[in-house]
Amino acid sequence: MIKKYIQKLSYLVVFPLLLSCSATNIMTLSVTEPAPVLLNKKTTKIGIINRSIPDKKYEVVDALDKILTAEGKELDKKGSISSIESLKAELAKNNKLNTVIILDSVTYKKYGIDQFSEELPWVKIQEICSKNNVDAIFELSFYDTDSKILYKSNTVESVNAFGLKIPIIEHEVTVNTLIKSGWRIYDNNDQFISDVYADSKTVTLVGRGINPIKAFETIKTRKDAVLNVSRDIGRNYALQILPYKIRVSRDYYVKGTSNFEIAKRRAQAGQWDSAAELWEIETKNTDGKIAGRACYNMGIINEINGNLDSAIEWTTKSYTDYGDKNALRYLNILKNRKAKNEQLERETN
C-alpha cells in the first residue's frame, strides 16, 4: 500500500517537472480568414426573396404538420420574415454593397417542411435581376419550426400560512422548438449558385406551476424566443460573405541558451520585437540545434508582424539547413496562410 502511494506521489511530482522542462511555449495571435462565401467583385446590389411560405392550396398538409408539432398558425411565416429582415439589415452594413432590398416572393413552396425549394432557372434569375436592378439574389429556401412538448409532475414541499411544510404537486412543461432554415445565393454576374446552406437551432423553454395551465402560462415567451433566434439566423448568414478573424496558437522555443530564457520573459511581457533581437543573435550559433530553433522563432516574430514572406524564409531555413521537424509543420501553416491572404487581397481589390 505504501509502495503504491509513493509511486503515485512520484508521478504527481515528475509530471509538473516535465511540463516545466518543455522546450516550447504557446502563444496566440489573431488572423483574418477569407469569407466562407465568395461573390463576384462586381456584385454590389442584392435582392432577397422568401420562398419558404407554402402556397395556399398546400396549406392543408402544412396545417397538419403544425397541429402535430403544436405550432402557432403564423409562427413559421413570422419567423421567416424576421430572418430575411435581419439578413437585409446586416447586409446593409457591408460597405461593399450599394443596394440591399427585399423582393416579393417569386414562387411559393409546394409544402412547408424542411426541404429546399426547386432551383430557379437562370432565365428567371436574369428576369428578376433586370426588373429590380440587382446583381444577386439571396433566397430563404425553407424555414420550418418543429416543436416537442414534454410534460411531467413532481412532488415538492411548500410552506403554508402556518409555517408548515406540506407536499404539493408541481407541474412542469418543457417545449423544445427546432428551427430549420435553408439558404441559397444566386450570383447573376457569374451565373453561379455561390452557396447552398442549411442550419438548425433549438429553443428550449421550461415552465412550472401548481397546475398544467399555470405551467403553460410561464412559457408564453416561446414566440418571442423563436423570433429572436430567427433574427440571429438571418444576421449570421449575412456574415458569410465577410472575412472574419480567429485566434490561432503557435509554439515557439524558449529553451537552448540563456538568450532563449531572457527572450522568453520578454515575450511573456509582450516585448516580442525585443525577444526577436536575442533570437536573431542565436541564428548564428555554431550548434545547429540552437540555430534551427532561433530561425524557427524568427519565423514566429515575422508572422506576428505580418511579414509572411520573411516568416516562410526563416522557417524554411530552420527545416532545410538545420532539420528542425517542427519547422516543416509550421512551414505548411504559413504557406496556407499566405494563400488565404492572397485570396483576401483578391476579394478586397
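User: At roughly what angle do the axes of helix α3 (residues 75-91) and α6 cross?
Analyst: This is a predicted model, in which local features need pLDDT of at least 70 and side-chain atom pairs count only at pLDDT 80 or more, while totals for chains, interfaces and linings use all residues. Residues are numbered from 1 along each chain as its sequence is written, and side-chain values use heavy atoms, with hydrogens and water left out. Helices are DSSP runs of H or I with at least four residues, strands are runs of E with at least two, and both are numbered from the N terminus; axes are lines fitted to C-alpha atoms, for helices over the stretch in contact, with angles from 0 to 180 degrees between N-to-C directions. The axes of α3 and α6 come within 7 Å of each other, and they cross at roughly 35°.

User: How many residues in the contact of α3 with α6 are charged?
Analyst: Contact means heavy atoms within 4.5 Å, and the residues that meet include L75, K78 and E90 in α3 and R222, K223 and Y237 in α6. Asp, Glu, Lys and Arg count as charged, Ala, Val, Leu, Ile, Met, Phe, Trp, Tyr, Cys and Pro as nonpolar, and the others, Gly among them, as polar. The contact divides into eight nonpolar residues, six polar ones and, as charged residues, six.

User: How far apart are the end C-alpha atoms of helix α6 (residues 222-238)?
Analyst: The expected span of a helix is 1.5 Å times one less than its number of residues. The 17 residues of α6 should therefore span 24 Å, which agrees with the distance between its end C-alpha atoms, 25 Å.

User: Is F142 buried or exposed?
Analyst: Buried means under 20% relative accessible area, exposed over 50%, and partly exposed in between, using a 1.4 Å probe and protein chains only. F116 has 26% relative accessibility and therefore counts as partly exposed. F142 has a relative accessible area of 5%, so F142 counts as buried.

User: Is the ring pair of W183 and Y237 stacked or edge-to-face?
Analyst: Rings of Phe, Tyr and Trp (its six-membered ring) pair if their centres lie within 6.5 Å, and planes under 30 degrees apart count as stacked, over 60 as edge-to-face and the rest as tilted. The centres of the W183 and Y237 rings are 5.0 Å apart and their planes lie at 15°, so the pair is stacked.

User: In which helix does Y237 lie?
Analyst: W183 and Y237 are both buried, and W183 lies in strand β5 (residues 165-187). The pair ties together parts that are 54 residues apart in sequence, because Y237 lies in helix α6.
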